[in-house]
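Colleague: I'm new to reading protein models. Could you walk me through a few features, step by step?

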Amino acid sequence: DHNGFIWMGTRTGGLNRYDGYSFTQFYQNSKDPYSVSGNEIINLFEDSQGSIWVSTRNAGLNLFDYRTERFKVFLHDPKDESSLPNNTSKSIYEEEDGTLWIASNSGLCFFQRQDSAFVKVNNTLSNRSFGHISSIVNGGENLIYLGTKNGIYLVNTKTKETVKNYRKDESLNSLSGNNVETLYWDSRNRL
């Protein structure tokens, strides 16, 4: 990270931070509301403000506060439209303007920092959720690509419109399968 630490998420052993000499462990503690919310860490992301975001499996999204060494936990609440769409967030992408996009097992949302709210974005091609999203990458010019169980979606981040859905079909130039787990944008601007 920007402070020189190496962060490691484990499958069941919580979150580890290495300073070059020793490890500091962060575990879920049900008696401490400021602990990391789960011990199965599936994604780590440092945003442009130097904040560390910690995604857990089925235990929400955590924001690490360097000053206090505490976590702010964001959870899905079915009664709150401004909560996460799901408690498993698989991927985070940050636009140049600081907008954070979160891919979850139940769709796509972006984070409004000013009021700590998550705004869900539907697939405008079908007016439904994108469903399980495993990866987000920058597509350039206000576009993001989403790797999902239903192929690859291209979304305009300014208009929140779904531009296209790339899926397996009978064509030789289509995807080889619709379950897309990982996306990567290379240095030659190729997906």
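Predicted model: local features only at pLDDT ≥ 70, side-chain atom pairs only at ≥ 80, totals over all residues.

Colleague: Why does a relative accessible area of 18% make Thr 99 buried?

Modeller: Buried means under 20% relative accessible area, so Thr 99, with 18%, counts as buried.

Colleague: Where is Thr 99 found?

Modeller: You'll find Thr 99 in the loop between strand S8 (89-94) and strand S9 (100-104). Its side chain has a polar contact of 2.8 Å with the side chain of Asp 97. Leaving out residues up to four places away in sequence, Thr 99 touches Tyr 93, Glu 94 and Phe 110.

Colleague: Is Leu 100 buried or exposed?

Modeller: Leu 100 lies in strand S9 and is buried, with a relative accessible area of 1%. Beyond residues up to four places away in sequence, Leu 100 touches several residues, including Phe 45, Trp 53 and Phe 111. The C-alpha atoms of Leu 100 and Gln 112 are 8.0 Å apart, with the two residues twelve apart along the chain.

Colleague: What should I know about nonpolar cores?

Modeller: In soluble globular proteins, nonpolar side chains tend to be buried together. Here, the largest nonpolar core has 13 residues, and Trp 101, Leu 108 and Phe 130 are among those with the most contacts inside it. Elements giving two or more residues to this core include S9 and strand S10 (107-112). Apart from this core lies another, of twelve residues, among them Phe 45, Leu 61, Leu 100 and Phe 111.

Methods. Residues numbered from 1 in each chain as written. Heavy atoms only, no water. Helix = DSSP H or I, 4+ residues; strand = E, 2+ residues; numbered from the N terminus. Buried < 20%, exposed > 50% of the residue type's maximum accessible area, 1.4 Å probe, protein only. Polar contact = N/O pair within 3.5 Å; in protein donor to acceptor, adjacent residues only side chain to side chain. Contact = heavy atoms within 4.5 Å. Core = buried A, V, L, I, M, F, W, Y, C linked by side-chain atoms within 4.5 Å.
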